[in-house]
Every structure is written in structure tokens, then in C-alpha cells.
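Please look at the sequence and the structure before reading on.

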Amino acid sequence: MYTDKSRANFFQQFSRSPAQPRTLLQKAVALVATVGLFAVALMFSVFLFAVVLTVGVAAWGYLWWKSRDLRKQMREQQGRDSAAEGLVIEGEVIREVDPREGDRP
């Protein structure tokens, strides 16, 4: 296989030598960049949380406001039903039927 030396040298000029330790200045710049990136990410996450919370509260308020007439109608209907038919308590009723009377009420 043919390897072009000029192409190999082109890519080798961008590689770092593996044994070079970082200087104190490089470490400080990396630390400042990391802290700055963390601060920006925190700022955007707090902003996003505030936006989501605001949209959620607005949606809840809108639905609450739009359903107030329905809630009022349901309360009125419940009041009419309980006044017309009496109070309904769920449970079982056991009664004895006289066989001479049959199923007459």
C-alpha cells in the first residue's frame, strides 16, 4: 500500500505529544472555564424552570377560570337532586316479606 508522507505529516502537526504535563496557567484557565460553563448552565436551568412553572400556573388558572360555570352548574344540580329525591346513603336493606302478601309494595 502506498502512503503519502506529506499527508501523514499534515495530520501529525495537529497532534500533541502525549508526555507534556499541563502548566499551572492551563489548569487555571480550565478551572475558570469549567466554573463559567457551570454558572451559565445553572442560569439557563433556573430560567427554564421559571418558564415551565409560569406556563403551568397560567394553564391551571385558565382551566380553572373556564370551568367555573361548569362547577357552578354541578353544585346547583346536586342541590336540586338532593332536595327532590332526599339524601341518598348507600347501603343494604334487609326486609322480611310476608308470604301471604307476595311482592306487593
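This is a predicted model: local features need pLDDT of at least 70, side-chain atom pairs count only at pLDDT 80 or more; totals for chains, interfaces and linings use all residues.

## A charge over a ring

The charged end of arginine 68 is placed over the ring of tryptophan 65, at 3.7 Å from the ring's centre.

## The tryptophan cluster

Tryptophan 65 also belongs to an aromatic cluster, which it forms with Trp60 and Trp64. How many aromatic pairs are counted in the model? The count is two. In one of them, the rings of tryptophan 60 and tryptophan 64 have centres 6.5 Å apart and planes at 20°, so this pair is classed as stacked; the stacked class requires planes under 30 degrees apart.

Tryptophan 60 and tryptophan 64 are four residues apart in helix 2, so about one helical turn separates them. The rings of tryptophan 64 and tryptophan 65 also pair, with centres 6.4 Å apart, and because their planes meet at 45° the pair is tilted.

Tryptophan 64, at 44%, counts as partly exposed.

## A nonpolar patch on the surface

Which residues form a nonpolar patch on the surface? They are Val40, Met43, Phe44, Phe47, Val51 and Val55, and together they have about 590 Å² of accessible area.

Valine 51, one of these residues, is located in helix 2, which covers residues 24-66. Its relative accessible area is 36%, so valine 51 is partly exposed.

## The annotated segment

An unreviewed UniProt entry places the feature "transmembrane region" at residues 47-65. In the model, this span is 100% helix and 0% strand, and the C-alpha atoms at its ends lie 27 Å apart.

## The protein as a whole

The protein contains three helices and zero strands, and along the sequence they give the pattern α-α-α. Of its 105 residues, 0% are buried.

How values were computed: Residues are numbered from 1 along each chain as its sequence is written. Side-chain values use heavy atoms; hydrogens and water are left out. Patches are made of residues with over 30% relative accessible area and no salt bridge: like charges are joined within 9 Å, nonpolar side chains (Val, Leu, Ile, Met, Phe, Trp, Tyr) within 5 Å. Accessible areas come from the Shrake-Rupley method with a 1.4 Å probe; for residues, only the protein chains shown count as cover. A salt bridge is a side-chain nitrogen of Lys or Arg within 4 Å of a carboxyl oxygen of Asp or Glu. Helices (H or I, at least four residues) and strands (E, at least two) are DSSP runs, numbered from the N terminus. Buried means under 20% relative accessible area, exposed over 50%, partly exposed in between (1.4 Å probe, protein chains only). Rings of Phe, Tyr and Trp (its six-membered ring) pair if their centres lie within 6.5 Å; planes under 30 degrees apart count as stacked, over 60 as edge-to-face and the rest as tilted. A charge sits over a ring if NZ of Lys or CZ of Arg is within 6 Å of the ring centre and within 35 degrees of the ring normal. UniProt positions are given in the numbering used here, feature names are shortened, and annotations may be inferred rather than shown by experiment.
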